[in-house]
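Work through the exercises below with the structure in view. Try each task before reading its solution.

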Amino acid sequence: MDDEEEQQKLPDLVKALIHHLLSQNLPPNSQPLNPNSSQFQNSLRYAHRILTSHLTPSITPDAAAIAESIKRRLATEGRSSEALSFADLYTKFASKATDVDNKWALLHLFNIISQDRKPAVNSQSRLDASMLLPNLTISDNNVRRRIENKGWEDGVVVLGRDPRNRREVAFGEYVKLVKEENDVTEEAMVTDVLYACQGVDGKYVKFDNENNDYVFLDSIRVSRATTSMVHKLCGLGVLFKRVIGYIDQSLGRSPVEDVGTVGQAFCSALQDELSDYYKLLAVLEAQSSNPIPLLSETVSSGNYLSLRRLANWLAEPLVKMRLMADLVDKCRVLRGGAMAGAIHLHARHGDPMVHEFMKRLLQRVCSPLFEIVRRWVLEGELEDIFSEFFIVGQPVKAESLWREGYRLHDAMLPSFISASLAQRILRTGKSINFLRVCCEDRGWARAATEVATDTGATARRGGFGYGETDTLESLVDEASKRIDKHLLDVIYERYKFKEHCLAIKQYLLLGQGDFVQYLMDIVGPELSVPANTISSFKLAGLLETAIRASNAQYDDPDILDRLRVKMMPHESGDRGWDVFSLAYDARVPLDTVFTESVMARYLRIFNFLWKLKRVEHALIGAWKTMKPNCITSNSFNRLQGAVKMQLVSALRRCQVLWVEINHFISNLQYYIMFEVLEISWSNFLSEMEVAKDLDDLLAAHEKYMNSIVEKSLLGELSQSLYKSLIVIFDLILRFRSHADILYEGIHELQARITESSLSSRDQKKTRKQLNDKSAEEGSWIADGRKALTQRAGEFLRKMEQDLDAISKEYSSLQEEFISQLPVQQHVDLKFLFFRLDFNEFYRRVVS
Amino acid sequence: MDPEAAKSAREALDLAFHMSNILDTGLDRHTVSILIALCDLGVNPEALAAIVKELRKERLPVSSLHPTPP
């Protein structure tokens, strides 16, 4: 048969059934039933209601089992013959009736009807256990009916019909009470609660702005239980309003004060969660139109929605909504990476449902962040319109790009990215930008694409997000490895970093000995005049000469180009020595390493070394004049013994002092040149070998400079030592000038004596020769030999005194210097001390 | 319907009527036939039983079976 026909048959059949049944009910001699009477229509409606509410049967559709149970029942009732005939009939029925499909339904129907009718027909005295047990259905009116029909006919409960009546009466009174207490039916309240859950005010439940809560209107009277239940359920509505308020606020803001991409992702994730919630609410609303059965009322519906059921349904959404409302409150003022970090803190929860939920949310929220990271690490582009990323860049000049161009913004660093990872990310992007800007290199793009293909990041963007921090780490590591290597290659090969460092060492730190010697020779006399009279052009020309004269001329011309003379800013009393210095011109990108401050330190060291070299040069100059000892040999035979002794002692004192000073200076020089400079340089070289990126290089260079400065007494801890050293240097220079005077005087004396001795023997012969020379020596010769001796004696005495003074001062200064050495912090200074005092000469003197 | 089907249908109805008599349901033949048709259409038998009970109940007050409480 067709479906439509079937559908049409159903109502007709129902009508027919009702008609028939009602006709049976009528007393025998009344009129036939009118199908349009109200009674009929009522019954019809009632029948329809029953039909629609009983949708599923409570037993399994097994005809044989039902037949069995019927048979058993009959047998236990004592009607065994009927049981047998029933069984017989059933078998025939089962085999013959092929067009009856739901035999089980029919049997079940008969069963129920017969059981219902039984107490009506039988007497009321016995209880039938078999009647009670199988009738456990959910539908409560059936139960009620059966209870009514059976009436608890137990021997013990001899209440007869009373309990049933009393029960009915009690139920009726209860219903009346409920109706009186509540002005509002439960269905209306359910509808209102459902409205409240969407943030809309219902008929009886309104949102109270002061208490941030949903309350009943005061005019409505409801029982306390209902009020508390409704209140609890409306809490969901309050949370919902909070969440929706936040979403609307964030999405509706003007682009100027936008929440940023992370905030937008958060809002969209929330909206997705809320869509699930809306679906649930829609289903519930559909169900809420079913009337709620209240006890003993003539309503029977299965899928109704009472407040209790609603509470059950809304339990899980309540938890989720509370989570979302908490997050919303936390993140109201946060943006970007800080927001992601705050949400992440919430995700550390034991409950697996919460954990799952937060994980889903965080994956959405962090995807813009991870995208920014990916772009930064692979391309060096910082696309951060809303300042949400934890790396901020600022426009700076090319030389400070590395140090100051980009830095970490800790407030925006989410907590699931560790600080070291953030450092690596920063460095990788910085390297790319550095390469692009300062080195004008394009080769990094190749390295970046290699990285991308290796980690497959470009292929599966989605697979790299929150919860996969190791993927992120591996991506960053790969990228940084390659980019750093590329950067170092560029620095070393294209920009010849090592060569420049070496050049600085050779020239600024006086490593190229022959060049320095020559320079000092040439420039020395120029620098002894006051500073403001020196022209730097002349000095530059002298520098060129020095370069060309020494081995430095074989150096790379590019390096030599950068070397020039620099006159420091001078005050009025300065001599040339104080303001002269060399400078090395480091251009981009090497000036990232050799910044202004670094070059200033180099200059300071150069100054110190230059002073030291000058003193050494002076001493060597003095040695040159002191060396010809033939002075003492023959020319002074004519002198008196006393003067000769004086002369010898003066000479001797001078030489002893010179040796002492030389010992000191040469040891100091050795210490500075070898133990400080060379060792630091070799350490720096070895660190350059293992440096993996530019930060390492910078650190190594810093260490190099620090060690030089510390060990060569230029640091803050050695200030007093440095000052005493400078005083010693000044003293040495004074000594040099004295020695010069002494030897000049001696030479003159020698010339006098030779001349006078010659003149006594051979005056006529040599006078003519000496006449030219004797113009300025007139006073001496004229005085004669005695005066000569006297003058010589005076001169020598004076010199001796001077030398004495100098030597005393020198020894005191030197002792002071040496005594300060052992208490210095730097361990290498102890070696200097050892060299200076290897035979404990000074210690003996001191103690 | 062809006579064969009609005959078998009548037989089935007879059997069902007998069974309902044994079970003492008080249903007459016409009602049984309607109920068979309804069950075939898939209506819940419990619902049908309830309808029958309800509609019959209106008869009960007429023939009051319950004695008044003592």
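**Exercise 1.** State how much accessible surface chain A has, and what share of that surface belongs to carbon and sulfur atoms.

Solution. The model is predicted. Its chain A has an accessible surface of about 43,400 Å². Carbon and sulfur atoms make up 53% of that area. Next, take burial: chain A has 847 residues, and 45% of them count as buried. Then take the secondary structure, which comes to 32 helices and 6 strands. Last, turn to contacts with a separation of 6 or more: 73% of them join residues 24 or more positions apart.

**Exercise 2.** Decide whether Glu371(A) and Arg374(A) are buried or partly exposed.

Solution. The cut-off for buried is under 20% relative accessible area. Glu371(A) has 22%, so this residue counts as partly exposed. Arg374(A) has 10%, so this residue is buried. Their side chains meet in a salt bridge, 3.6 Å from N to O. Both lie in helix α15 (residues 352–379); because they are 3 residues apart there, about one helical turn separates them.

**Exercise 3.** Describe the salt bridge between Asp489(A) and Lys485(A).

Solution. The closest N and O atoms are 3.6 Å apart. Both residues are in helix α19 (residues 469–494), 4 residues apart, so about one helical turn lies between them. Asp489(A) is partly exposed at 31%. Lys485(A) is exposed at 54%.

**Exercise 4.** Name the residues that Ile741(A) touches, not counting those up to four places away in sequence.

Solution. Locate the residue: Ile741(A) is in helix α29 (residues 719–773). By this count, Ile741(A) touches Phe795(A) and Met799(A). Met799(A) is 58 residues away along the chain, yet the two C-alpha atoms are separated by 8.5 Å. Ile741(A) is partly exposed, with a relative accessible area of 45%.

Terms used
Residues are numbered from 1 along each chain as its sequence is written. Chains are lettered from A and ligands numbered from 1 in the order in which they are written. This is a predicted model: local features need pLDDT of at least 70, side-chain atom pairs count only at pLDDT 80 or more; totals for chains, interfaces and linings use all residues. Side-chain values use heavy atoms; hydrogens and water are left out. Helices (H or I, at least four residues) and strands (E, at least two) are DSSP runs, numbered from the N terminus. Buried means under 20% relative accessible area, exposed over 50%, partly exposed in between (1.4 Å probe, protein chains only). Contact means heavy atoms within 4.5 Å. Accessible areas come from the Shrake-Rupley method with a 1.4 Å probe; for residues, only the protein chains shown count as cover. A salt bridge is a side-chain nitrogen of Lys or Arg within 4 Å of a carboxyl oxygen of Asp or Glu.
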